Amino acid sequence: MGNRIAISGGGTGGHTYPAMAVAERLKGLGVDLLFIGRRGGMEEGACAERGIRFVGLPIIPTPRGVGMGLYLARIFLGTIGSLLALRRFGAELVLGMGGYVCIPAVVSGKILGIPVAIHEQNAVPGKANKRLARISDLVMISFESSRRHFPPGVMVVLTGNPIRDGIVGVGKGEAREKLGIRRDIGTVLVLGGSYGSRRICEAAMEAMGIMRGRGEVLQLILISGHAFYKEALMKARDLGPELKLIPFCREMGVVYGASDLVVSSAGATTIAEICACGLPSILIPKSHAVGRHQEMNAMALASEGAAVIIREEELGGELLASEISRIMGDEGLRKAMGERARAIGRPDAADEVSRRLLE
């Protein structure tokens with residue numbers, strides 16, 4: 001048992017990165033892996049980079065008001081494809097890492113009588129995991145507050161959210177040297193999630209201009225996402241060398257290591273990484289996130305004093321500048337927030353998930 005494991009999930013970085021963290025850990029333990037994901041999705045490229053066997057399904061996102069017939073047809077075809085893939089592979093266990101992508105594989109595992117487990121990254125479980133929990137032998141969660149959302153009788157264990165290797169442990173001096181930025185001033189990292197956020201980018205650049213006008217000296221590392229990079233580049237021309245603009249970063253441990261404060265949306269994977277690194281944060285939950293799950297993620301940190309929250313509809317340069325100045329100007333506050341974040345973090349979550357699966 002446990003030598004041949006099928007993993008399914010993806011669609012966004014929030015599902016893909018934790019899935020890859022678990023896959024890499026299991027692979028290192030000698031487990032034979034199969035990954036079932038969306039054809040052409042982020043997870044397909046991630047598996048190719050890591051040499052993990054991949055089966056692509058023609059899955060599409062859950063429709064909102066239209067296209068239900070096509071969606072159900074794709075789920076049906078995905079289930080047939082998963083059944084065939086699991087049988088050919090000889091899977092002994094199926095792990096669903098959340099999102100619509102993993103529904104066919106988990107259901108197929110249940111049909112075949114294979115033990116199935118799911119992992120939930122967010123404080124509020126998504127629709128897929130709420131339904132799949134009823135047929136799962138094990139549910140693993142990242143926030144203790146998630147437990148109450150699952151039905152009685154389901155085995156639920158707190159493991160934390162798996163993070164990628166290399167996130168923790170890069171020293172500040174080394175990180176800033178790699179990025180080619182100053183070592184002697186405060187540094188704020190601005191993230192908008194795996195697909196970027198124009199609103200966060202614009203507010204951050206406006207805030208930087210306001211703080212410079214007040215004579216405050218600090219530097220920003222702004223990861224814009226590819227979609228907004230050119231636009232951000234045009235707007236960044238007047239902000240000088242203290243703005244390090246990056247469209248996408250594969251070495252997140254370096255940018256976390258270089259930073260004193262993080263400004264970010266409240267995706268579960270980013271929060272897990274921030275906490276593992278022991279960094280204070282200003283979190284801006286995406287207002288359109290399903291089930292307000294980003295708001296709940298952010299509240300889990302804010303309630304412990306590890307973060308402050310700015311609601312997306314209230315976000316602007318003035319407010320963001322005010323919060324950055326307040327935290328960056330108070331070393332004691334910044335240190336306390338970082339320590340509380342570290343206390344919440346579970347940097348060994350990938351090991352814990354792997355151990356539970358192998359058991």
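I began by noting that two strands pair if DSSP finds at least two bridges between them, and that strands (E, at least two residues) and helices (H or I, at least four) are DSSP runs, numbered from the N terminus. With that in hand, I looked up V263 and found that V263 stands opposite I282 in β12. Strand β11 (residues 261-264) and strand β12 (residues 281-283) run parallel and are joined by 3 bridges.

Before going on, I wrote down that this is a predicted model, in which local features need pLDDT of at least 70 and side-chain atom pairs count only at pLDDT 80 or more, while totals for chains, interfaces and linings use all residues. Residues are numbered from 1 along each chain as its sequence is written, and side-chain values use heavy atoms, with hydrogens and water left out.

**Sheet**

I then followed the whole sheet, which is open, has 6 strands with parallel pairing and takes the order β10-β9-β8-β11-β12-β13. Its edge strands, each pairing on one side only, are β10 (243-246) and β13 (307-309). From one strand to the next the twist averages 15°, where angles run from 0 to 180 degrees between N-to-C directions and axes are lines fitted to C-alpha atoms, for helices over the stretch in contact.

Which strands does helix α10 touch? Helix α10 (residues 268-277) packs on the sheet, touching β8 (186-191), β11 and β12, and its direction makes about 165° with that of β12; contact means heavy atoms within 4.5 Å. Helix α11 (residues 293-302) lies across β12 and β13 and runs at about 135° to β13.

**Helix pair**

Next I looked at α7 and helix α12 (residues 317-328), which pack at an angle of about 65° with their axes 8 Å apart. The contact is made by residues including A203, A207 and I210 of α7 and L320, A321 and I324 of α12. I sorted the residues of this contact into 8 nonpolar, 2 polar and 2 charged, counting Ala, Val, Leu, Ile, Met, Phe, Trp, Tyr, Cys and Pro as nonpolar, Asp, Glu, Lys and Arg as charged, and the others, Gly among them, as polar.
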